[in-house]
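The sequence and structure are shown first.

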Amino acid sequence: MKNNIDVIIVGGGLAGLHLALKFYKEGLSFIVIDKYKEHSSSRIASGLINPITGRRFVKTWLYDELQPVFVSEYQYWEKIFNSRFFKSIDIYRAITDHRLVNDLDAKLSDYGELCRPMTADELTLFQTLTSFPDLGYVFKGYQLDTITFLDRGIDFLKSKGIWYEDNFEIESLDESQSSHRYKDYITNKVILARGAHSTDSRGFTWPGFNINKGEVLKLSSPQLPLDSILKQRLFLIPEGEEFWVGSYNTWECDNEEPTAGGKKYLIKHLDLMMKSPYEVRSHLAAFRPATEDRRPIMGYHPSNHSIAIFNGFGSKGTSLIPYFANVFYQFVFKNQELPTEVDIQRFY
Ligand SMILES: Cc1cc2nc3c(=O)[nH]c(=O)nc-3n(C[C@H](O)[C@H](O)[C@H](O)COP(=O)(O)OP(=O)(O)OC[C@H]3O[C@@H](n4cnc5c(N)ncnc54)[C@H](O)[C@@H]3O)c2cc1C
């Protein structure tokens, strides 16, 4: 017997899961097909949301719109799943180039509560823990424990019978004029949220991607009493009993394995930062679904308006995806237009 459903979501990283949770809230009928990947981009990410980034201290694109949405979404699902995976956290950023201070000071008034200079006491404390310089700023960020969020979300959708662990093969999609058949399901919409693994054998091309690989270390350092995030050359992020250190980024994407060169880079910069002894527990790598213009990619395939893509969240999936899951729902089911900045049509 065939089941008629509104939509099939392919991919269950942060993008596919947020879409699924949005569709669930809206009462749509759907399934998610995800081939579980232990070290997917979503699972090795540190889940950091940093309001001000880069060498020039630029406020994250759309931050004022994104922030209320991601806070309320993660807090809502914490209650429903009866689990904790989201918190606000201070990011202590070292400033080694004193010329940047004038730039930052000039911007401080615009950024309001989002950042402040480190106090003398904080600087002293950080200098005892690491080789911190004599200048630093504190940014008000957030952190999502991505693994716990994904695992609780998957448990929730499995308990509703709408999450399938499987490899979706586009060759098995039986298309007709008005609907698609995939195994036991009939639908007229398939949404692909497959992260960096978005190449199709069937001739659908999805332009605009600029995939890169990120490598990280997980380490233990029992003598390092750090419960905030430290950013010098690398991010040092507390994660339970361990620390997440990253990242080394490369456009050499022949395979998704961690490299000796990546590890060497991470250890070199870690040794310049750390005063406490540490032990490397693991070295992980994943492709990031980054794009040419650093904006997400979504919309229908131009030659098939029942196949859509929801992707391209680059290095900011934790904050962008909750907001754009809503935008994308309005586009697919409420006939709202997509913002041109994220519409895949900009690449055709
Ligand atoms: C080292 C690193 C650090 C990062 N740190 C941060 C951070 O601190 N903050 C932040 O916001 N972002 C961060 N990111 C980026 C973030 O991880 C991504 O933006 C986000 O995870 C993308 O989610 P996604 O669901 O699009 O892709 P993915 O996480 O790759 O998920 C895609 C899913 O689709 C599945 N899939 C693919 N093909 C198929 C198929 N044919 N059938 C079934 N399933 C399929 C995969 O198995 C996977 O589960 C980081 C990324 C990396 C690599």
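Leu-62 is placed in the loop between strand S6 (58–59) and helix H3 (63–81), where helices (H or I, at least four residues) and strands (E, at least two) are DSSP runs numbered from the N terminus. The model is predicted, with local features requiring pLDDT of at least 70 and side-chain atom pairs counting only at pLDDT 80 or more, while totals for chains, interfaces and linings use all residues. Residues are numbered from 1 along each chain as its sequence is written, and side-chain values use heavy atoms, with hydrogens and water left out.

**Backbone features**
- Leu-62, a residue other than glycine, has a positive phi, near 65°.
- Gly-246 and Ser-247 are joined by a cis peptide bond, with omega about -10°; Ser-247 belongs to strand S18 (residues 242–250).
- Most residues other than glycine have a negative phi, and most peptide bonds are trans.

**Ligand site**
- The ligand has 36 residues around it, of which Asp-34, Lys-35, Ser-42, Ser-46 and Gly-314 come nearest; a residue is near if one of its heavy atoms lies within 4 Å of the molecule.
- By class, this shell holds 14 nonpolar, 15 polar and 7 charged residues; Ala, Val, Leu, Ile, Met, Phe, Trp, Tyr, Cys and Pro count as nonpolar, Asp, Glu, Lys and Arg as charged, and the others, Gly among them, as polar.
- Polar contacts (pairs of N or O atoms within 3.5 Å) include one at 3.2 Å between a backbone N or O atom of Leu-14 and a ligand oxygen atom.
- An N or O atom in the side chain of Ser-41 is 3.0 Å from an oxygen atom of the ligand, and a polar backbone atom of Phe-168 is 2.8 Å from a ligand nitrogen atom.
- The protein covers 96% of the 1,000 Å² of accessible area that the ligand has on its own, by the Shrake-Rupley method with a 1.4 Å probe.
- Helix H2 gives the most to the shell, with 3 residues.

**Domains**
- An automatic or database domain assignment gives domain 1 (3–44 + 147–207 + 293–347), domain 2 (48–144) and domain 3 (212–288).
- The centres of domain 1 and domain 2, taken over C-alpha atoms, are 30 Å apart; their contact (heavy atoms within 4.5 Å) takes 21 residues from domain 1 and 20 residues from domain 2.
- Domain 1 and domain 2 bury about 1,800 Å² between them, 79% of it on carbon and sulfur atoms; buried area is the accessible area (1.4 Å probe) lost on putting two parts together, summed over both.

Technical notes
A polar contact is a pair of N or O atoms within 3.5 Å; within protein, one must be able to donate a hydrogen and the other to accept it, and residues adjacent in sequence count only if both atoms are side-chain atoms.
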